[in-house]
Amino acid sequence: MKKNRILILAVALLATGGCDIVEPPKYGCTDPIADNFNPEADHDDGSCIYDPSLFKGCTDSTAANYDPQALVSNCHCIYDNVRKILVEDYTGHTCGNCPRAAEVLHELECEWGDRVVPLAVHVGFFAIPEPPMYASDYRTTFGTDWNLNFGNSAAGLPNGMVNRTPDGGNYIRSYTAWAALTANFLALPAEANMTLTNTYSEATRTVNVVVDINVLANLGNGPYKLNVVVSEDSIVGYQKDYDPNLVDENLPDYVHMHMLRTSLTGSWGADVNSGANLTSGSNLTQSFSIVLDEAWVDHNCNIVAWLARDDNKSVIQAEYRPVIAE
Amino acid sequence: MRNIGSLVLTILIATSASAQDTGQQATTNGSSNNQSDKGKWGEVHGNVQFDTQIYNPDTAIGAPPVPEKLLMNGFTNLIYTKGKFTVGIRYENYLNVIQGFDQRYKGQGIAYRFASFDTDFLSITVGNFYDQFGSGMVLRTYVEPGLGFDNSIDGARVKAHVLGGVYVKGVIGKQRTFFDVGPGIVRGIDGEIVLNETFKKLADSKTRFSLGGSFVSRYQEDDDPDFELPENVSAWAARFNLTSGKFGLNGEYASKINDPQASNTFLYEGVLRKNYSPGNAVLLNATFATEGLGVILSAKRTQNMDFRSDRYASGFNLNINYLPALTKQHTYLLAASLYPYATQPNGEWAVQGEVSYQIKRGSKLGGKYGTYINVNYSHAFGLDTVVNAAKSGLDASFFGHGSLYFRDINVEISRKFTKEFKAAVKYFNITYNKDVVQGLVGYGTINAHIAVVDLTYKIKPKHALRLELQGLFTGQDDGSWAVAILEYTWSPHFFVAVLDQWNYGNPKEKKQLHYPYIQVGYTHNASRITLSYGRQRAGIFCVGGICRNVPASNGVSLSITTSF
């Protein structure tokens with residue numbers, strides 16, 4: 001009996017793990033060519049200040065648009081033949097904590113270039129227009145459908161989804177988790193490549209989109225759906241921001257990025273390969289067309305596309321390109 | 001018999017982060033210990049609750065159309081006991097989730113199952129279980145269906161009565177999150193020694209003394225590409241409990257190592273930073289109780305003690321510990337639901353004092369049937385935190401304090417005047433820092449006076465009429481409210497109640513609305529059916545900077561509960 005007791009105590013003690021006290025990060029400018037480079041900093045806080053004469057461009061030599069002349073990153077690297085993921089930010093203009101999530105998404109774009117395909121979806125209570133300041137209605141029927149299906153606004157904004165991949169049925173991810181999830185996803189090889197070719201007629205404001213998909217792996221669990229949507233950058237409007245350093249939390253000139261405007265393929269996408277599974281080596285081409293709303297600035301609009309499983313909506317590959325080529 | 005209040009509150013309390021109360025804790029497997037073998041085939045017991053609501057759009061109060069029109073939450077506990085063995089399951093269905101609850105519950109399935117074996121010496125549970133170490137500041141798992149909260153551990157637990165007066169338990173597992181488990185593994189050990197049981201000399205002493213200690217560690221892989229994050233985050237706590245005659249004193253100190261997570265990030269120089277500071281909490285309670293008089297004094301200080309089994313979790317999800325709120329949980333509608341306080345796990349000082357006195361029956365003051373007086377005061381304020389940029393954290397001096405978060409002064413006097421008639425009057429003065437408690441900016445600190453008159457008249461045996469009048473008076477926020485409730489009970493089976501909430505003082509004239517509500521109920525033994533119809537107010541529900549809106553609603557709801 002006594003032995004039993006000692007054994008139980010030992011098991012209980014073993015079950016109880018140790019602890020890891022770690023060194024905190026040192027925030028600062030980590031780029032040696034910046035004027036305010038801090039050699040002690042190990043985590044860049046976006047504070048780098050550069051000589052304006054330094055040439056900006058893509059500084060990653062593995063990118064398709066790598067510019068050996070560039071000294072300062074323009075956060076705009078473009079990649080080919082790699083996995084690209086959809087990172088969605090569910091937000092609202094009266095959600096005062098939501099600018100924090102937008103900042104994280106911007107950091108991810110800077111770090112990963114177009115391997116992160118950003119989309120901001122305005123949903124729920126915090127997206128309801130509240131005149132006079134918050135008079136704009138940034139909601140869409142498609143965003144509302146996604147919000148109802150995944151439960152984003154009910155779970156509390158801000159939050160988002162990385163590649164719409166469920167973890168035990170839960171798709172919603174805190175923005176503090178996006179960086180880690182993004183790194184994990186992007187370490188995986190691509191299962192399909194996708195290219196977007198946009199042709200735009202300024203006269204009719206019509207965009208023709210050709211999506212080419214080159215399948216690189218045998219993909220079971222079909223059918224698959226192709227989603228094609230329009231996003232708009234640089235929409236200036238009111239945003240609530242609870243940054244304690246601000247005098248007024250109502251920011252009149254906030255720049256909303258990557259805002260979902262409409263979908264060309266409904267809420268859940270168009271059929272791909274007539275619903276059959278996708279096999280390695282197959283090439284698929286699909287075309288779409290849309291007339292841009294008068295209210296949208298065509299130069300700021302993007303076509304965003306992603307290939308997804310129909311059953312659980314998880315994304316296989318994503319891509320985006322501006323309506324008007326740069 | 002505050003039936004209507006409780007049902008309206010089912011949704012409204014969901015707006016109250018403070019309402020992490022323990023009503024339902026361990027109602028399932030906790031009760032198994034006292035089961036005796038009732039025959040050859042063992043014994044089955046359990047309970048069922050179904051809540052259904054039909055929604056009508058109501059533009060005046062901002063109730064949106066609900067696509068499903070009908071939503072239902074339900075659960076059924078089924079426990080089988082035979083001798084020392086107990087097994088149980090809970091089936092839950094959310095088809096679809098009632099508004100105001102987390103939509104991630106959508107669906108149905110077995111959310112809880114366990115098997116346990118008890119002897120005098122050992123108690124072993126595998127599967128889901130609820131448990132608590134000390135006051136819960138390092139570990140507490142519980143279920144609160146009214147809030148959509150369940151953080152049960154799915155794993156194994158061993159409890160042992162090692163020596164006389166020495167109790168040890170160890171737990172390991174992952175925590176429930178919706179219909180799955182979280183990514184982190186929780187490991188914990190707790191020990192308690194009751195000195196009066198250990199030392200025979202003390203066995204008959206009027207002074208009872210016990211000491212306890214806990215250690216909890218969470219493992220979660222560091223998958224962050226940019227930061228070094230602690231994978232094993234540990235917390236420990238030490239506690240004591242002393243009672244001597246009429247006096248009681250208990251306290252606990254808890255500490256946690258660096259744990260940068262979603263809920264404790266802070267903004268400094270325009271950059272959102274991870275918080276690498278350690279955390280700690282201390283709680284002290286003193287009580288005095290004698291015939292007719294009770295006094296409670298409590299104090300608590302919390303700093304950076306949000307502890308979860310997923311560092312990315314937020315809201316009511318995957319909490320490992322529980323930080324008790326040192327504020328009185330009110331039951332009257334306006335006091336309970338408009339300005340409820342929630343413990344701020346990232347930093348708070350709180351004190352509470354309560355005196356209750358029963359004036360003797362037959363005395364001049366006490367009247368023929370006695371009079372009860374209760375005075376309660378609670379006060380919570382922030383810590384005086386400063387950013388420690390070098391350590392990427394926040395520092396705070398122990399006794400320093402920041403802005404006021406919450407203050408509540410309330411007095412209750414109740415008296416039974418005759419065999420047929422009793423009355424209670426209550427007054428509350430609540431100061432509520434809406435910005436801090438709800439994670440908002442620009443609402444400021446609201447001061448409200450609340451008065452309640454609660455009259456019950458027994459018309460004849462088994463027939464009682466109750467009238468409750470409430471007023472909340474403030475010139476801030478949504479302005480003043482008035483509530484009237486009239487309830488008729490025909491015991492033991494029927495009751496009917498009508499309620500109206502009127503926001504007559506809303507600064508926006510269009511929002512000076514009535515929220516009428518009617519409820520009828522039928523009770524038979526352990527079963528109850530209630531049918532309600534009316535409007536329910538909207539509210540914002542925020543925890544740790546994450547907010548969700550509980551929309552206003554208008555419609556019929558049906559609730560069925562039974563136990564067997």
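P492(B) sits in the loop that runs between strand 25 (481-490) and strand 26 (494-502) of chain B; helices (H or I, at least four residues) and strands (E, at least two) are DSSP runs, numbered from the N terminus. The peptide bond leading from S491(B) into P492(B) is cis, with omega near 0°. This is a predicted model, in which local features need pLDDT of at least 70 and side-chain atom pairs count only at pLDDT 80 or more, while totals for chains, interfaces and linings use all residues. Residues are numbered from 1 along each chain as its sequence is written, chains are lettered from A and ligands numbered from 1 in the order in which they are written, and side-chain values use heavy atoms, with hydrogens and water left out.

Chain A also has a cis peptide bond, joining P131(A) and P132(A), with omega about 10°. P132(A) belongs to the loop between strand 6 and helix 3 (141-150) of chain A.

Chain A as a whole contains 5 helices and 17 strands. Along the principal axes, its C-alpha atoms fill a box of roughly 85 × 55 × 50 Å. Of its 326 residues, 53% count as buried; buried means under 20% relative accessible area, exposed over 50%, and partly exposed in between (1.4 Å probe, protein chains only). Taking contacts (heavy atoms within 4.5 Å) in chain A between residues at least 6 apart in sequence, 64% join residues at least 24 apart.

Helix 5 (residues 178-186) of chain A is largely enclosed by the rest of the structure, because 8 of its 9 residues are buried. Among them are W178(A), L181(A), F185(A) and L186(A). The buried residues of this helix pack against strand 5 (85-91), helix 2 (98-112), strand 6 (116-122) and strand 7 (159-162) of chain A.

S201(A) has T206(A) in strand 9 as its bridge partner. The hairpin leaves 4 residues between its strands, and R205(A) in the turn has a positive phi of about 55°.

Two serines of chain A also have positive phi. S234(A), with phi about 55°, lies in the loop between strand 10 (224-232) and strand 11 (235-240), and is partly exposed at a relative accessible area of 36%. S274(A), with phi near 50°, is found in the loop between strand 14 (270-272) and strand 15 (283-291), and counts as exposed at 77% relative accessibility.

The contact between the chains takes 53 residues from chain B and 51 residues from chain A. The area buried between them is about 4,700 Å², with carbon and sulfur atoms giving 62%; buried area is the accessible area (1.4 Å probe) that two parts lose on being put together, summed over both. In chain B, R104(B), L267(B) and V441(B) lose the most area to chain A, together 12% of what that side buries.

The chains share 1 salt bridge, a side-chain nitrogen of Lys or Arg within 4 Å of a carboxyl oxygen of Asp or Glu. R273(B) forms a salt bridge with D45(A), their closest N and O atoms being 3.8 Å apart. Elements giving two or more residues to the chain B side include strand 8 (153-163), strand 16 (271-273) and strand 30 (546-550) of chain B. Strand 30 gives the largest share, 4 residues.

Key: Pairing = 2+ DSSP bridges.
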